[in-house]
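Dear colleague,

Please find below the sequence and the structure that I am handing over to you. My notes on what was found follow directly after them.

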Amino acid sequence: MSLAERLNALRLSLPPTARLLAVSKTVGLQAIQEALDADQRDFGENYAQDLRDKAAALPSATWHFIGRLQRNKAKYVARAASWVHAIDHIEQVEALHALRAGPPLRALVAVNLAQEATKGGVSSAAVMPLVEAATAYDQVQIVGLFTMPPMAEDPAANIPFYEALADLARQGRRAGHLLTELSMGTSADAAVAAAHGATWVRVGTALFGARS
Ligand SMILES: *Cc1c(COP(=O)(O)O)cnc(C)c1O
């Protein structure tokens, strides 16, 4: 199958409520251009400098930063990204706010639901205080939640995590926050995540092939 065919197959497998974020980390400009030509608009990168370089080369795409944001890299993200998926500290919000010109960045709070030490993200209990604190910085608008569940053989094992994330967002909306976006699901389980409320699924390998 060609990249355009893989994109189409993936789109057909998702409900209209889930948008496809093509994770283009380690992928060259030519393949990204090919995806753009096949009407894929949104691309995700997890290294700030790669995002800066690719956004400069392909400004017609919409760029999402999906990695852990370090303060000294915030300038690249603030300038080149439209979305930031994995905020887990108020200092990141503060830095992005100070550096952002133009329309506010859309941002999601990363939640570490299984409390894995090797991953970023805040605990469930820390979500609302962070969302609350971020309202002081209007160049960053928190619009949803992000998660990356523990590695599992069976995609169904992720369902409790996706339900928990959707539940947290509902609680936030009841408290008056705009938590309408859920970024969850990768190549292994995009359809499962979409069926449980994902508004963004983050798919790399299934589109661009295995990363070396
Ligand atoms: C790499 C990456 C993905 C994509 O994973 P695939 O298995 O290649 O689909 C999704 N989310 C994040 C945060 C990533 O870093």
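The largest nonpolar core has 60 residues, of which F43, L96, L145, V201 and L207 touch the most other members. Helix α7, residues 159–174, gives the most to this core, namely five residues. A nonpolar core is a set of buried Ala, Val, Leu, Ile, Met, Phe, Trp, Tyr and Cys residues joined through side-chain atoms within 4.5 Å. Buried means under 20% relative accessible area, exposed means over 50%, and partly exposed lies in between (1.4 Å probe, protein chains only). Helices (H or I, at least four residues) and strands (E, at least two) are DSSP runs, numbered from the N terminus.

Please note that this is a predicted model, in which local features need pLDDT of at least 70 and side-chain atom pairs count only at pLDDT 80 or more, while totals for chains, interfaces and linings use all residues. Residues are numbered from 1 along each chain as its sequence is written, and side-chain values use heavy atoms, with hydrogens and water left out.

Another core, of ten residues, lies apart from the largest one and includes V23, I66, A86 and V143.

Two strands deserve a look next. Strand β4 (residues 83–87) and strand β5 run parallel and are joined by three bridges; two strands pair if DSSP finds at least two bridges between them. Strand β5 (residues 105–110) is mostly covered, with five of its six residues buried.

The pockets come next. The largest pocket has a volume of about 930 Å³. Its lining consists of 38 residues, and K25, K119, M148, T186 and R202 lie nearest its centre. This lining divides into 17 nonpolar, twelve polar and nine charged residues. The second largest pocket holds about 150 Å³ of space. Among the residues that line this second pocket are R11, L14, D39 and W200, and its lining comprises five nonpolar, one polar and five charged residues.

For these terms, a pocket is an open set of points on a 1 Å grid over the protein atoms alone, where a 1.4 Å probe fits, with protein on both sides within 12 Å along at least five of seven lines; lining residues have an atom within 4 Å of a point. Grid points are joined across faces, edges and corners, and a volume is the space filled by probe spheres set on the points. Ala, Val, Leu, Ile, Met, Phe, Trp, Tyr, Cys and Pro count as nonpolar, Asp, Glu, Lys and Arg as charged, and the others, Gly among them, as polar.

Finally, some single residues. D39 sits in the loop between α2 (29–37) and β2 (42–45); its phi is near 70°, a positive value in a residue other than glycine. D39 counts as exposed because its relative accessible area is 59%. H177, in the loop between α7 and β7 (181–183), counts as buried because its relative accessibility is 12%. Leaving aside neighbours within four places in sequence, H177 is in contact with V131, E132, T135 and G172.

Yours sincerely

Conventions: Contact = heavy atoms within 4.5 Å.
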